[in-house]
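Visitor: I would like to learn how to read a protein model. Please show me one feature at a time.

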Amino acid sequence: MFQRDYILRMIEMMGDLMRRVKELMDELAQMRLLDGASRKRCGLPLSALETLSAESLTELLSPTPRLFASELLYLRAMGLPAPWEEGRMLRLKSLRLLLTLEEEGPLCELRAPRVQALKLELADLLLPEDLMDCAAFLRQGGAYADMEDALFEAAERCSPQERAACVRKGVCMLREAARAPAQDLAFGRTSAHELRLSARELEERWAAPPVSQQDRGEDTR
């Protein structure tokens, strides 16, 4: 749906908006500027973007306004003092909205660096499903090495009950990514051989241990 030229124009527009926000020393003036952009681009006031959950915004907004919502939340978060927890939660919501657009190849390519940066910054807040979504987005964006890291982190954080499904999905993703052109894989700091090795390692690291006769309740005497 999103064409590369359109995304580049949107990013340029958001960059200009960020510069205007930074020029405004008064926080109320910043809020008014972002609120106007939110109403125009998303059909919602900025307060709604801040208070509604990522799941609710995903249901309410089609892809284009959802992309703008993610960008506006990111700008709002960047305007808050770094230590504030509110800013981290807004960045998390921005990330989750962005990850719902993982099928948009050109967008993934241009926003993969931000996804990776937010993944590292918000590592303690991310759920296994967030990390799997990050992996899918990074794969679409050609960031294959970062995708590998996200898949292993997701498997590590999964509950024992959910880990098998998570590992299967990750293994499939790695093996499918290994079919990408060698030049693309090299640009993503990996190779088909390394991806296949990672798929094997992911599969073997969390393989279920064999059940002993004693564990099965069988008489071993």
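**Reading the model**

Guide: Buried means under 20% relative accessible area, exposed means over 50%, and partly exposed lies in between, with a 1.4 Å probe and protein chains only. This is a predicted model, in which local features need pLDDT of at least 70, side-chain atom pairs count only at pLDDT 80 or more, and totals for chains, interfaces and linings use all residues. Residues are numbered from 1 along each chain as its sequence is written, and side-chain values use heavy atoms, with hydrogens and water left out.

Visitor: With which residue does Arg-19 form a salt bridge?

Guide: A salt bridge is a side-chain nitrogen of Lys or Arg within 4 Å of a carboxyl oxygen of Asp or Glu. Arg-19 forms one with Asp-16, and their closest N and O atoms are 3.8 Å apart. Asp-16 is partly exposed, at 35% relative accessible area. Helices are DSSP runs (H or I, at least four residues), numbered from the N terminus.

Visitor: How many salt bridges are there by this rule?

Guide: The count comes to 14 salt bridges. Another of them joins the side chains of Arg-76 and Glu-50, at 2.9 Å from N to O. This pair links distant parts of the chain, since Arg-76 is in helix H5 (residues 63-78) and Glu-50 is in helix H3 (residues 46-51), 26 residues apart. Arg-76 is buried, at 7% relative accessibility.

Visitor: What parts does the salt bridge of Arg-189 and Asp-146 tie together?

Guide: The side chains of Arg-189 and Asp-146 meet at 3.0 Å, N to O. Arg-189 lies in the loop between helix H11 (182-187) and helix H12 (192-205), and Asp-146 in helix H9 (residues 144-157), so the bridge ties together parts 43 residues apart in sequence. Arg-189 is exposed at 55% relative accessibility, whereas Asp-146 is buried at 10%. Salt bridges can also share partners: Glu-71, Arg-111 and Arg-114 are joined into one network in this way.

Visitor: How are two packed helices described?

Guide: The description uses the angle between their axes and the distance between the axes. Here, helix H1 (residues 4-23) and helix H2 (residues 27-42) pack at about 155 degrees, with axes 9 Å apart. H1 is therefore roughly antiparallel to H2. Angles under 35 degrees count as roughly parallel, over 145 as roughly antiparallel, 65 to 115 as roughly perpendicular and the rest as oblique.

Visitor: Which residues in H1 and H2 meet?

Guide: Met-13, Leu-17, Arg-20 and Val-21 in H1 meet Gln-30, Leu-33, Leu-34, Ala-37 and Arg-41 in H2. Contact means heavy atoms within 4.5 Å.

Visitor: How many aromatic pairs are there?

Guide: The count is one aromatic pair. Rings of Phe, Tyr and Trp (its six-membered ring) pair if their centres lie within 6.5 Å; planes under 30 degrees apart count as stacked, over 60 as edge-to-face and the rest as tilted. Phe-152 and Trp-206 form a tilted pair, 6.5 Å centre to centre with 50 degrees between the planes. Phe-152 is in helix H9 and Trp-206 in the segment after H12, 54 residues apart. Both Phe-152 and Trp-206 are buried.

Conventions. Axes fitted to C-alpha atoms, helices over the stretch in contact; angles between N-to-C directions. Helix = DSSP H or I, 4+ residues; strand = E, 2+ residues; numbered from the N terminus.
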